Amino acid sequence: MRFITPVVFLFNFLIAFGQQPMYKSFDIRSENTRPRILKLFLDHNGLIWAGTDNGVFTFDGINFIKIFSQDTAKSLVSTFFEDKDNNIWVGYENGSIISIKNNKTTSFLIDGSAFKASISAITEDNEGRIFFSTKGEGIIFTDGKGIERINQDQGLSDGYCYDMQKLADNRICIGTDAGLNFISFENGKTSIREFGTSDGLPDDVVRAITADKNNMLWLGFQENGLARYDCSKNKLVNMHLKNPWIYGQVNEILVVDDQLWVGTEDNGIVVVDHDGYTKKIQLENERNIKPNDLLLDFENNVWIAESIHLYRTSGNKIAFIPNIENKSLKFVHCMASDKNGGIWFSPDQKLGYLFRDKNGEFKYKEYPITKKLIDIVTLYFDPYGFLWIGTLGEGVFRFNPISGRVRKITETTDAISSNIMSINGTGDIVWIAGFNSVMKFVIKEKGNSDEAKIIRQQVFTGSDLLNDYVYSVFIDSKGNPWFATDGNGVYYYKENKLGKIPVFENAVHSFAEDTKGRIWFSTADAGLQFLDQNFSINKFQTRDGLSDPSPTSLALMRTGDIIIVHSNGFDVLNPDSKSIIYHSSEENLSDINCDLNSITISPDSNVWIGTERGIIVYKPSADIKLKSPKLVLNSVSVFLEKINYRTQKTFDWDENNLRFDYYALWYSDPQRVNYQYMLDGYSTKWEHTKDHTITFPKLPPAKYVFRIKASLNGLFENAEEISYEFEILPPYWQQWWFRVCAAGIIVFIILLFIKRRDNRLRKFDRLQKEKIEFQFETLKSQVNPHFLFNSFNTLISVIENSPKNAVEYVERLSEFFRSIVTYRDKNLIQLSEELGLLDNYIFIQKKRYGDYLKLDIIIDDDSKNNKFVAPLTLQLLAENAIKHNAVSKESPLKITISISDNKILVSNNINLKITQGSSTGMGLQNIKSRYELLTKEKVEVLQKENKFIVSIPLITPKDESTYH
């Protein structure tokens, strides 16, 4: 969830004793509340984390995003830390500890529970041990395997610990209620060294510890201010404070370039500069804010957490002086710095001087030039320390800063030359330019005195330059003067010859020369132009990243960058890379409306800019070292579910909806950031956006590279780029292994089909052979002379005794032989058909044997109609029973047919004949062979006591179609 940040612009017109940072205020609005911001933290990507009384938030300069709440207890965030694996640790006032990795939180517990005391600090040593300092339980650390405690029993001077810092030599320094403690580990043993008031510490209670890049510890105390500790020498060193500490308890210390920003309990923020001077920082309504925490970001902005507000200040890189000693410094038209660092300027028709007294306090003094107010538009110091003053309408004056005496240069008293726009020079030569004139003056004698001999030399006789409106005179590194005109372009004077540059825009305002000797100049509406060493003209305009098409003033800073001042702030241009750092309305620099001569650079390399609203002081050494926004790929989501994109690079074919969340951090002006992205494998065109999220739905299977750039000016040629390579796999049916497997399976199926077909054909051939053999045996048994002779004898007897029954007998005999002929070509017949054939056969035989032959069929109608058997099976078994058993009054034969377990049982009692005829055994064997081909079930022949039983498998309807 995102929370849009309300922004309030604030500006300070309050401080009478010095410059103040410019700032802007933010607050969090979450769930209809405005949480108090308690702790601030900057992670390795430069993202700001804010710990509140209502959870943890991240802040990218525009939006606060809630990470999680402390649900177990309403507790206050007390500290942050990031370990070497980039896990974020959060400590709470109630003793809880949370670790965050990949947006997942884990509670850190001791013996199954949280600490009982507030967590004051967290750090990590070189061996990966994580240390937690507490307010009351000493130090607890873990190496990932176990947990150990360090308190008074182990030699800690006090268990109430306020702050903790890892030193360069891997020692852990802790500030306690009883001085400093240094913990070190040697040969597996823990040693603790105390450092207290007996060692020179000014106070027992050490509340804040901060390390600087010089291996120095800055210490803040409960009562006695600040101290500095040299870690390499293990001793205190002098801080050289100019005044005694009067600001009370110290809670936080922040090192900002060559300053200390100190958060105090009762006096807000106190800044200690490099000279040891201290001053209070006041923001809105002269109110001393009570900071909860201080933070320095990658752009050297200082962030202040106070109650519900988060302030972003310019730190010590940009400061504003709107007034001093209750005097307004508005409408500053021109500026010049003397060799002592004093700043001379013209506040609203006066000559003013800004300087520091022996206590480091800024002081202000005004000097009268004439008896009436005059418009001072340009200032220039000659080599003798005299200040040349150019005015509109009153000509030129030479001013002695030491005596305060003023001398008017009378050679410019004519009406044409009395309106001066620019003064510059080299050595004893002074060039003065104004309305329709360029004048050359030479200091001939007594340059150090008020009575110096100054003469005017005639130059450019007959030149158009003498009739031009000249805005600016510039002296290049070789001592050659350049002249910027209002309507006739640029002139230069070299080897006593005047040259002209055919520039693209004739109205030129000001000049600067970079370290490569290129001459840059600003124009009225066409941005910048510059001449390379071959005198080729090049443009640098808004489409190249310039903020404003009409810059007013230029200057080369000692950093090698060019400062470009315009009406709404200033740009800092690297002339080689063409990268720009912007300082504009986001830092409350809108509508400053500078004049042409409004820039000067003091001996300490600071840039002073005069504006309509006061004086801006810019410190280049404290400005951003980054030349482009810090770009971070924040997360990758698949169908809105975040994944670990650092390890997951492949996705299934149906995981093809990817969203990329990213941000580029530029806190000084976050709205200026532009993005350019491209998805290699999907498109070959870079797309522009200001959004922080890009979604690609329904990506086809392929390999891709997501590429993203960020820029402040819309130019991406040298912008930082990050990328994420991934692959969406094709569906399994399109992958080579599936195709190989599918082809193999198809080949296997074809081979299996061929094999099964061959087996089926062979089986069919065997079945046909067995059927033919069976038919032959059946027909042979039925048409053998003995069967026919008995049948005909029986028929003759029936005809003689009962002619009516003879007809039925003949019909039954005819039906019996017709069935044999009909069924002989079938593999299976319904059980009912087989029982019908059997019934006819038994009828024929009963005419011979009478009631001494009995057939008992115990089968339900459903089985008769839905079960199948091989044809003539039951008839053959009945025939075998009659063939091998005597049938008479003394020994009747009973044949029983029943069903059990899906098998048909044919049983008969055993009345073996005294004389057995010859038997081939082909009948039963043929039945067995046929059923082996028809089913997996076997034909079983059993003989129990006086019964002979044959078990025949029944065939189900689904099998029957196979064998027809």
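Predicted model: local features only at pLDDT ≥ 70, side-chain atom pairs only at ≥ 80, totals over all residues.

Is W653 buried, partly exposed or exposed? I found W653 partly exposed, with a relative accessible area of 37%. Buried means under 20% relative accessible area, exposed means over 50%, and partly exposed is in between (1.4 Å probe, protein chains only).

Residues are numbered from 1 along each chain as its sequence is written, and side-chain values use heavy atoms, with hydrogens and water left out.

Next I placed W653 in the loop between β64 (650-651) and β65 (658-665); strands are DSSP runs (E, at least two residues), numbered from the N terminus.

Then I turned to salt bridges (a side-chain nitrogen of Lys or Arg within 4 Å of a carboxyl oxygen of Asp or Glu). The structure holds 30 of them.

I looked up E586 and R312, whose closest N and O atoms are 3.5 Å apart in a salt bridge. E586 sits in the loop between β58 (580-583) and β59 (599-601), R312 in strand β31 (residues 309-313), and 274 residues separate the two. E586 counts as buried because its relative accessibility is 9%; R312 is buried too, at 3%.

My last pair was D661 and R659, a salt bridge with its closest N and O atoms 3.0 Å apart. D661 is buried at 7% relative accessibility, whereas R659 is partly exposed at 23%.

Terms used:
Helix = DSSP H or I, 4+ residues; strand = E, 2+ residues; numbered from the N terminus.
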